[in-house]
Amino acid sequence: DDFASKFGYWAQNGDINDFARGLEYLLEHDRWRELGELGYQYVKGTHEYNRVIDKHIQIYTDLLGSRC
């Protein structure tokens, strides 16, 4: 779901320079604050406890089909 790209910085290369660029990007203009809040809201809505339980039950029901 491109989480790192949407709400932070994806260090694709995984080397120290890429991580440094990511840190600079996030610190510039306090970008980390806005992206962090957006990421928090996304996780809060997407992974809310009851919603996740309902999704799991639906998946199990679909997989089991008429065997229930």
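## Salt bridges

A search of the whole structure, a predicted model, finds two salt bridges (a side-chain nitrogen of Lys or Arg within 4 Å of a carboxyl oxygen of Asp or Glu). One joins the side chains of D18 and R21, with an N to O distance of 3.4 Å. Both residues lie in helix α2, three residues apart, about one turn of the helix. An α-helix has 3.6 residues a turn, so residues three or four places apart point the same way. D18 is buried, at 3% relative accessible area, whereas R21 is partly exposed, at 40% (buried means under 20%, exposed over 50%, partly exposed in between, with a 1.4 Å probe and protein chains only).

E28 forms a salt bridge with R31, and their closest N and O atoms are 3.1 Å apart. E28 is partly exposed, with a relative accessible area of 40%; R31 also counts as partly exposed, at 23%.

## Basis of the values

Residues are numbered from 1 along each chain as its sequence is written. Local features need pLDDT of at least 70 and side-chain atom pairs count only at pLDDT 80 or more, while totals for chains, interfaces and linings use all residues; side-chain values use heavy atoms, with hydrogens and water left out.

## Helix α2 and its ends

Helix α2 covers residues 16–27 (helices are DSSP runs of H or I with at least four residues, strands runs of E with at least two, numbered from the N terminus). Its 12 residues should span 16 Å at 1.5 Å a residue, and its end C-alpha atoms are 16 Å apart, which agrees; the expected span is 1.5 Å times one less than the number of residues.

D15 caps the N-terminal end of α2, with a side-chain oxygen 3.1 Å from the backbone nitrogen of N17. After α2 comes H29, which has a positive phi, near 55°.

## Aromatic pairs

The structure holds four aromatic pairs (ring centres of Phe, Tyr or Trp, the last by its six-membered ring, within 6.5 Å; planes under 30 degrees apart are stacked, over 60 edge-to-face, the rest tilted). In one of them, the rings of F7 and Y42 have centres 5.3 Å apart and planes at 35°, so the pair is tilted. F7 lies in helix α1 (residues 3–7) and Y42 in helix α3 (residues 31–46), so the pair ties together parts that are 35 residues apart in sequence. F7 is buried, with a relative accessible area of 19%, and Y42 is partly exposed, with 26%. Ring pairs link F3, F7 and Y42 into a cluster.

## Other residues of helix α3

T46 is placed in helix α3. A polar atom of the T46 side chain lies 2.8 Å from the backbone oxygen of Y42. Apart from neighbours within four places in sequence, T46 is in contact with R51 and V52 (heavy atoms within 4.5 Å).

Y40 is also found in helix α3 and is partly exposed, with a relative accessible area of 48%. The C-alpha atoms of Y40 and Y9 are separated by 15 Å, the two residues being 31 residues apart along the chain.

## Overall form

The chain has four helices and zero strands. Its radius of gyration is 18 Å, well over the 11 Å that the globule rule gives for 68 residues, so the chain is more spread out than a compact globule. This radius is taken over C-alpha atoms, and the rule is 2.2 Å times the number of residues to the power 0.38. The C-alpha trace spans about 55 × 25 × 10 Å along its principal axes. Buried residues make up 12% of the 68 residues.

Terms used: A polar contact is a pair of N or O atoms within 3.5 Å; within protein, one must be able to donate a hydrogen and the other to accept it, and residues adjacent in sequence count only if both atoms are side-chain atoms.
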